[in-house]
Amino acid sequence: MKFYFSSSSGVSVYQGGTVTTAILDDHGLKRVDTNSTFNKVIFWNFFFLRGLQYFIFGLFAQLQAFFLADELQEFVGKEKTKLDKMAERLNIATRYVQLLTGIIVGLILGYLLFALLPFHLTLSILPAASRYGQGAFIGLIRMVTIFLLFLLLRFLPIMQGLYRFNGATNQVVNSKENAAKISKESHHFALNYLNYLVFALMLGSFVVSLVAISGKFYFIYNMLILLGVAGISYEILWLISRAPQRWIRDFVILTSFLVSMKPGTTQDETIRVLLIEDSFEKDFTRLQEDRVPMSAIVGEMQTKLMQADRYAQSDVDWIIATVLGKNRAEIKLVRSVSKKEARDILRAGARRAKGEPLSSIFGFVEFYGLRFDVNKKVLSPRMETEILVEETLKLAKNFENPHICDLCTGSGAIAISIVKNLEKCKVCGIDISKPALQVAESNAKKLDAKVDFHEGDLLKGLKKGKKFDIIVSNPPYIKRKTIEQLSVEVKKYDPLIALDGGEDGLDFYKEIVTDAPLHLNKGGYLAFELGKGQAAAVKTMMKEKGFIDIKVIKDYNTIERVIYGRIS
């Protein structure tokens, strides 16, 4: 089971015997660390005892969260304050000076606000009331005092940092650590430790005041009552958090709003960094100062891509793997990168967030296990086009030494992939664009693929006797009027000539289906990639021109994506 605790600069998560911390340092950078801890929850499944444990465990964990955040700040060399200099003179850590100062101030304020003030107010307002009447009134005063005290703390900048990080941890718990849902979830959670602490203190102060035990050992008795109330408070909040009615669950806001604020981008990124770091195998070696944690890189990219509504974990992995020159399996073992590598990764991520496709960012794309150079002169081959290549390779098995023609070849991805996966074949690629053919020829040379590329308008420039066993094509198939509605990565970075399929998107299919029978050998095949919703129309065309055994293949999203048929 995981427990989250916040500080003014970051968040810690406890699981088993380890605590992982992520903070935002004074320079605006994310820092991470993993430590072992003696502080463990043992009897978590026992009614009442779990609340008692949570109260005690949480006090230590909350202090440790502050200390760990402070240690990481010191590790990266934060600017020294007057308090830091005083701590140096006393030869003790700054955090202990802060703790001691907090205890002294807390004791003084506690005595004034929770002992003298309630007692004297009650005597002046209800001098003749019964013992329990006065106790209840003192309890109400103390509850209101706690409420007002925490309300006042909301306005202190240092506490706002704590409360925003606390809200971020609530979003994580409510989203069940789903990265895509985190920022959309509520920043209130009943069993959040700070909320639980406020609730238990308010309820405990009332019960202690109502019972009003006096005598030699009254302090010990009152502490035992407070611990008992702490155990009961947890069970109350547990029931509230699981109530089927929304209005009951929202009841927690009465205290949660005192210690939780809506997180900003900074807190959102830091909490993502924590989740990513916590998912790694535990490593207690402290990160070198000149290295950047991989979790910080991934967390920042996730946040920016989600804000731009372009998040895909595969894109994040691909960017990191490409910059580092590793495959996607290898990057899972990388815990940190150099500052230059971090800059390069984040720059690529920022370009992706603006809508630029990965193929344009890096100038190449992986297709059918091969790397193809691409630019704005050619259509970047998509994953679904691999299905067309796969089906063409299957059809090629029907011929001893197939002669294949790739129309609208573009980058040459289809033609080259076929050549690289067939032992015996002859392949040509035709395109009307000279710049596209230059890219295709360059790719063929780099990949050592023998393909004959020709400039031409589909099948028009071919001699009448020129015939093939298979004609394959991924032609432009977007309806002209819908091009402006396409995503930025398509309409801005792919050439218009490779998109525009005419008014109905079928212009190229009509022309190719009409001319293909003249250039197919007996029993030859014609295969196309299709746009969404075009299968029926293209199938009808092919039937009318004498194609038989027509089959339609669906892609990974169950869209009818490929069609092929044999000339009768």
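Which residues are linked with Lys30 in a network of salt bridges? In this predicted model, local features need pLDDT of at least 70 and side-chain atom pairs count only at pLDDT 80 or more, while totals for chains, interfaces and linings use all residues. Residues are numbered from 1 along each chain as its sequence is written, and side-chain values use heavy atoms, with hydrogens and water left out.

A salt bridge is taken as a side-chain nitrogen of Lys or Arg within 4 Å of a carboxyl oxygen of Asp or Glu. Under this rule, 24 salt bridges are counted. The network that contains Lys30 also includes Glu269, Glu300 and Lys304. Within this group, Glu300 and Lys304 form a salt bridge with an N to O distance of 3.3 Å. These two residues, Glu300 and Lys304, lie four residues apart in helix α11 (residues 294-307), and therefore about one helical turn separates them. Helices are DSSP runs (H or I, at least four residues), numbered from the N terminus. Lys304 is partly exposed, with 34% relative accessibility; the classes are buried (under 20% relative accessible area), exposed (over 50%) and partly exposed (in between), computed with a 1.4 Å probe on protein chains only.

A further salt bridge joins Lys340 and Asp344, whose closest N and O atoms are 2.9 Å apart. Lys340 and Asp344 are also about one helical turn apart, because four residues separate them in helix α13 (residues 339-353). Asp344 is partly exposed at 26% relative accessibility, whereas Lys340 is exposed at 52%.

The side chains of Asp555 and Arg561 form a salt bridge at 3.1 Å, N to O. Both Asp555 and Arg561 are buried.
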